[in-house]
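This report goes through a single protein model, from its core and one of its sheets to individual residues. Please have the sequence and coordinates open while reading.

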Amino acid sequence: DLHLSIRRQRQMCIRDRKLYYGFPVVLIGYKDSKWKYNVTTMSSSYSLGNTLTIGLASKSNAVANIKKYGEFTLNIPCQEILNKVEIAGFHSGQNKIGMADITYDLGEKVDAPLLDECLLNIECRVEHIVDHGDYTNFIATIERRVICDEMLNEDGSLNSRDFNPIYFMGDDKERIYRYFNSDTKKLGENMGCSAEDDSICG
């Protein structure tokens, strides 16, 4: 196959210390022993079922406070508040909620802020903490999810086509924000089966 041959010839080993191949940007809300409540920006998170895992720099203010209080919120921002997202990504240990003029309500299940201008808010309780190298991973149980009503279909399901988070990509040389385009494909469409047909799609 000519295309495969060309692709293999072009593959090269890259030696960057960091490589971000496309992760959603999120705001982590947490209780802060100095500022009462605070927020930080990050892009290292994933969810499986009712579990959510995040990774943060171990020496950060967020890690110290999440370890102390054992709970946090994950908030998915939209493009319109990118300036606030960037402010929350710097100024460690400062009152970033105040600096970025972020408004919030407190969670019902955890004592941490739910940020008003975000598409989705998830309340999380820490179950396990894994320190590895310079980073700390928090494995948490999802206690509650809150979503902007515009992101729901009439039947209450997620309006995936309009859900447009900010994505983070790049390497040591440059890091950028990216956004979804309007193209969508249903699960299973690309191989000629329905996602509901477990015997074909697994």
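The model is predicted: local features need pLDDT of at least 70 and side-chain atom pairs count only at pLDDT 80 or more, whereas totals for chains, interfaces and linings use all residues. Residues are numbered from 1 along each chain as its sequence is written, and side-chain values use heavy atoms, with hydrogens and water left out.

**Nonpolar core**

A nonpolar core is here a set of buried Ala, Val, Leu, Ile, Met, Phe, Trp, Tyr and Cys residues joined through side-chain atoms within 4.5 Å. Buried stands for under 20% relative accessible area, exposed for over 50%, and partly exposed for values in between, using a 1.4 Å probe and protein chains only. The largest such core has 41 residues, and Ile54 and Phe72 touch the most other members. Strand β9 (residues 118-132) supplies the largest share of this core, six residues. Strands (E, at least two residues) and helices (H or I, at least four) are DSSP runs, numbered from the N terminus. In soluble globular proteins, nonpolar side chains tend to be buried together.

**Open sheet**

Strands β1, β11 and β12 form an open sheet in the order β1-β11-β12, with antiparallel pairing. Two strands pair if DSSP finds at least two bridges between them. At the edges are β1 (19-24) and β12 (175-179), each of which pairs on one side only. From one strand to the next, the twist averages 20°; axes are lines fitted to C-alpha atoms, for helices over the stretch in contact, and angles run from 0 to 180 degrees between N-to-C directions. The antiparallel strands β11 and β12 are joined by five bridges. Phe168 has Tyr177 in β12 as its bridge partner.

**Cysteines**

The structure contains zero disulfides, a disulfide being a pair of cysteine sulfur atoms within 2.5 Å. For Cys118, the closest cysteine sulfur belongs to Cys78 and lies 7.1 Å away, which is too far for a bond.

The table lists relative accessible areas, with the class of each residue.

| Residue | Relative accessible area | Class |
|---|---|---|
| Cys118 | 7% | buried |
| Cys124 | 0% | buried |
| Thr136 | 0% | buried |
| Pro165 | 4% | buried |
| Asn95 | 26% | partly exposed |

Pro165 sits in the loop between β10 (135-147) and β11 (166-171). Cys118 is 47 residues from Pro165 in sequence, yet their C-alpha atoms are 9.5 Å apart in space. With residues up to four places away in sequence not counted, Pro165 touches Ile76, Pro77, Leu119, Arg178, Tyr179 and Phe180; contact means heavy atoms within 4.5 Å.

Thr136 belongs to strand β10. Its side chain and that of Asp131 form a polar contact of 2.5 Å. A polar contact is a pair of N or O atoms within 3.5 Å; within protein, one must be able to donate a hydrogen and the other to accept it, and residues adjacent in sequence count only if both atoms are side-chain atoms. Beyond residues up to four places away in sequence, Thr136 touches several residues, among them Ile54, Leu56, Val63 and Lys67.

Asn95 is located in the loop between α3 (82-88) and α4 (96-99). The side chain of Asn95 reaches the backbone nitrogen of Gly98 at 3.2 Å. Asp32, 63 residues from Asn95 along the chain, has its C-alpha atom 9.2 Å from that of Asn95.
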